[in-house]
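Dear colleague,

Here is the structure I promised to pass on to you, and my notes on what was found in it follow directly below.

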Amino acid sequence: MEDNQKFQDLYAQYQQQYAWADKNFLVVVPKDLFAIKEEGHHLHHCVGTYTHLVAAGETFILFLRSQQEAEKALYTLEVKQGRIIQCKGFDNAPPDDDVRKFLKKYINVLNKRQEQEDMQAVC
């Protein structure tokens, strides 16, 4: 319960840092740690076991959704130290070509955001 409160306290910051969309897909910040467990249940993979790592700040979990079905689980992303280290779909399926193209654009967005943060810290 305490871990979930920590996560929710940082939700707005995570939204600003990680949320993004294009015409086909969107990256969604989970509202709480329970949503991460539900994601694992819906996609039949182990992301639900990562909540303690998310709460400790060791990794971060994001949801990738289709614009047409934004509430439906599609892929789960694990981000560590600003890098996407995993993208898994149903039963740990790898991303398809459309998702890979989206992820390339998303990585560029994350990099630009990090550069802006770095510049603000210096200036």
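Asp 97 and Arg 100 both sit in helix α5, where their spacing of 3 residues puts about one helical turn between them, and their side chains meet in a salt bridge with an N to O distance of 3.0 Å. Asp 97 counts as exposed, at 52% relative accessibility, whereas Arg 100 is partly exposed, with a relative accessible area of 39%. Please keep in mind throughout that this is a predicted model.

In all, the structure holds 3 salt bridges. As background, side chains of opposite charge can pair when their charged atoms come close.

A second pair joins Lys 105 to Asp 22, with the closest N and O atoms 2.7 Å apart.

The remaining pair to mention is Arg 65 with Glu 39, whose closest N and O atoms lie 2.8 Å apart. Because Arg 65 is in strand β3 and Glu 39 in helix α3 (residues 33–43), the pair ties together parts that are 26 residues apart in sequence. Arg 65 is buried, with a relative accessible area of 7%, and Glu 39 likewise counts as buried, at 2% relative accessibility.

Leaving aside its neighbours within four places in sequence, Leu 64 is in contact with several residues, including Phe 25, Leu 26, Val 27, Val 99 and Phe 102. The C-alpha atoms of Leu 64 and Trp 20 are separated by 9.7 Å, although the two residues are 44 residues apart along the chain.

Ser 66, for its part, lies in strand β3, which covers residues 60–66, and is buried as well, with a relative accessible area of 16%. Its side chain is joined to that of Gln 68 by a polar contact of 2.9 Å, and, again setting aside neighbours within four places in sequence, Ser 66 is in contact with Asn 24, Phe 25, Leu 26 and Leu 74.

Definitions and conventions
Residues are numbered from 1 along each chain as its sequence is written. This is a predicted model: local features need pLDDT of at least 70, side-chain atom pairs count only at pLDDT 80 or more; totals for chains, interfaces and linings use all residues. Side-chain values use heavy atoms; hydrogens and water are left out. Helices (H or I, at least four residues) and strands (E, at least two) are DSSP runs, numbered from the N terminus. Buried means under 20% relative accessible area, exposed over 50%, partly exposed in between (1.4 Å probe, protein chains only). A polar contact is a pair of N or O atoms within 3.5 Å; within protein, one must be able to donate a hydrogen and the other to accept it, and residues adjacent in sequence count only if both atoms are side-chain atoms. Contact means heavy atoms within 4.5 Å. A salt bridge is a side-chain nitrogen of Lys or Arg within 4 Å of a carboxyl oxygen of Asp or Glu.
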